[in-house]
Amino acid sequence: MASTDDFDAPEETVKWLVDPGLVVSLATWDAIAAEVFPQEMVGELSAAEWADYGHEVWESEKPDGCPAVTMEVVDAGLDRAPVSGADSCAQADWVSEEGDLLQAPYSELPPGTPLIRATPEGLNRLDVLHEVTHLTCDLRAPEAPGHRWAFAQNFARLLETWVSPEAAVAWKMHFERRVLAAPRHTCESLLAARAEGERLLRERDESGRKRDQSAQ
Ligand SMILES: [Zn+2]
């Protein structure tokens with residue numbers, strides 16, 4: 001039986017020679033291109049569907065006593081920590097007194113509110129799981145920033161729960177492969193993996209539309 005329990009290579013054995021966010025992004029695009037995720041995980045949602053899914057996942061995954069998550073669609077401006085030039089289309093934060101790392105003020109939200117923001121390109125279930133992973137495992141420990149081993153373990157656990165054990169195992173495989181190859185990663189490898197993933201998503205979108213049309 002597939003399980004995430006064997007996913008325990010100690011972080012100190014992993015030499016993060018590149019931005020860990022690059023490794024996570026590469027692994028995720030690889031998994032998308034390998035059709036690891038069903039269409040419902042990667043397909044575009046309406047803002048309302050996206051917010052509903054975020055609330056559902058958060059209510060089930062949040063630490064005890066945490067408030068509900070605020071889901072906010074924004075036009076742009078999430079490139080706080082771009083991975084080697086790649087813009088981010090979703091971002092998670094705990095609202096603080098000071099605002100976020102860009103010192104952008106939070107609207108009217110009280111400090112301590114968990115907040116997920118996304119641009120219209122980021123409205124899909126997979127990105128929600130990614131951002132909930134940040135909220136549940138690393139954003140409260142600034143000395144352990146995102147996309148490291150704890151992130152990968154928790155993301156795989158969420159995939160197991162919300163997608164399938166098979167998807168979790170497959171993502172882990174892509175992640176471990178990219179970690180092992182980490183010294184060779186560059187911004188170009190991310191852009192290439194992303195272009196391939198986006199091409200496949202477009203193809204799947206189009207063939208889905210054709211199927212829908214012929215079913216009508
Ligand atoms: Zn992230």
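**Helix 5 against helix 6.** I started with the axes of helix 5 (residues 149-162) and helix 6 (residues 165-180), which come within 7 Å and cross at roughly 155°. Axes here are lines fitted to C-alpha atoms, for helices over the stretch in contact, and angles run from 0 to 180 degrees between N-to-C directions. Helix 5 is therefore roughly antiparallel to helix 6 (angles under 35 degrees count as roughly parallel, over 145 as roughly antiparallel, 65 to 115 as roughly perpendicular and the rest as oblique).

I then listed the contact, taking two residues as touching if their C-beta atoms, placed from the backbone, lie within 7 Å. Helix 5 brings Ala-152, Ala-156, Leu-159 and Glu-160, and helix 6 brings Pro-165, Ala-167, Ala-168, Trp-171, Lys-172 and Phe-175. Sorted by class, that gives 8 nonpolar, no polar and 2 charged residues. For the classes, Ala, Val, Leu, Ile, Met, Phe, Trp, Tyr, Cys and Pro count as nonpolar, Asp, Glu, Lys and Arg as charged, and the others, Gly among them, as polar.

**A note on the model.** I am reading a predicted model, where local features need pLDDT of at least 70, side-chain atom pairs count only at pLDDT 80 or more, and totals for chains, interfaces and linings use all residues. Residues are numbered from 1 along each chain as its sequence is written.

**Helix 4 against helix 5.** Next I looked at helix 4 (residues 125-137), whose axis comes within 9 Å of that of helix 5, crossing at roughly 125°. This pair is therefore oblique. On the helix 4 side I found Leu-129, His-130, Val-132, Thr-133, Thr-136 and Cys-137, facing Ala-150, Phe-151, Asn-154, Phe-155, Leu-158, Leu-159 and Trp-162 of helix 5.

**Whole chain.** I counted 7 helices and 3 strands (DSSP runs numbered from the N terminus: helices are H or I, at least four residues; strands are E, at least two). Their order from the N terminus is α-α-α-β-β-β-α-α-α-α. Of the 216 residues, 36% are buried (20 or more other C-beta atoms within 10 Å of the residue's own; exposed means 12 or fewer, partly exposed in between, with C-beta atoms placed from the backbone).

Most residues other than glycine have a negative phi. I placed Glu-35 in the loop between helix 1 (20-33) and helix 2 (39-42). Glu-35 is exposed, with 12 other C-beta atoms within 10 Å.
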